[in-house]
Amino acid sequence: MGRHAGYIALHTAIGSGAESVGLSTKYKFSPRFILSAFGAVSFTDVKDTNPSTGFEGDATSYTAGLGFILPDLFREGNTGGIAIGIPPTVSDSSASIGVKDGDTPFMVDFFYDFKVSDNISIIPGGYRDWE
């Protein structure tokens with residue numbers, strides 16, 4: 001398992017608990033450009049002692065990113081955006097979840113909110129991640 005898969009395993013283990021702290025903010029530079037940023041860290045204590053899963057111990061995980069939001073892109077009422085950041089990642093663990101040393105994963109996410117009517121929007125998007 002990679003670091004991202006380890007994060008999922010930790011936060012779905014039976015009997016796990018986590019203390020998390022995060023911060024997010026955004027600033028509107030102009031009516032057509034908004035910058036957002038976020039970051040969070042979690043300290044997880046895994047208490048699942050089921051021998052079939054092998055999870056026991058503690059871990060630290062984190063996530064962070066920047067978002068670029070473009071209101072009224074190409075047409076009034078439509079919005080485009082790009083987010084760049086680190087997906088939830090286990091950085092340190094005493095639990096046997098397959099955390100390995102290596103580079104921090106990186107992700108780019110993009111979307112375009114195309115407003116069809118007052119009640120209907122089509123929002124295509126995609127992402128690419130590297131580990």
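With a relative accessibility of 52%, Phe-29 counts as exposed (over 50% relative accessible area; buried is under 20% and partly exposed in between, with a 1.4 Å probe and protein chains only). Phe-29 teams up with Phe-33 in a tilted aromatic pair, 5.6 Å centre to centre and 40° between the planes. Rings of Phe, Tyr and Trp (its six-membered ring) pair if their centres lie within 6.5 Å, with planes under 30 degrees apart counting as stacked, over 60 as edge-to-face and the rest as tilted. The model is predicted, so local features need pLDDT of at least 70 and side-chain atom pairs count only at pLDDT 80 or more, while totals for chains, interfaces and linings use all residues. Residues are numbered from 1 along each chain as its sequence is written, and side-chain values use heavy atoms, leaving out hydrogens and water.

The structure has five aromatic pairs. In one of them, the ring centres of Tyr-27 and Phe-29 sit 4.8 Å apart with planes at 75°, so this pair is edge-to-face. Tyr-27 is exposed, at 52% relative accessibility, whereas Phe-33 is partly exposed at 25%. Ring pairs tie Tyr-27, Phe-29, Phe-33 and Phe-68 together into a cluster.

Then there is Thr-63, found in strand β3 (residues 57–71), strands being DSSP runs of E, at least two residues long, numbered from the N terminus. Thr-63 is buried, with a relative accessible area of 17%. Beyond neighbours within four places in sequence, Thr-63 is in contact (heavy atoms within 4.5 Å) with Phe-38, Gly-39, Ala-40, Ile-86, Pro-87 and Pro-88. A polar atom of the Thr-63 side chain lies 2.7 Å from the backbone oxygen of Ile-86.

Definitions and conventions:
Helices (H or I, at least four residues) and strands (E, at least two) are DSSP runs, numbered from the N terminus. A polar contact is a pair of N or O atoms within 3.5 Å; within protein, one must be able to donate a hydrogen and the other to accept it, and residues adjacent in sequence count only if both atoms are side-chain atoms.
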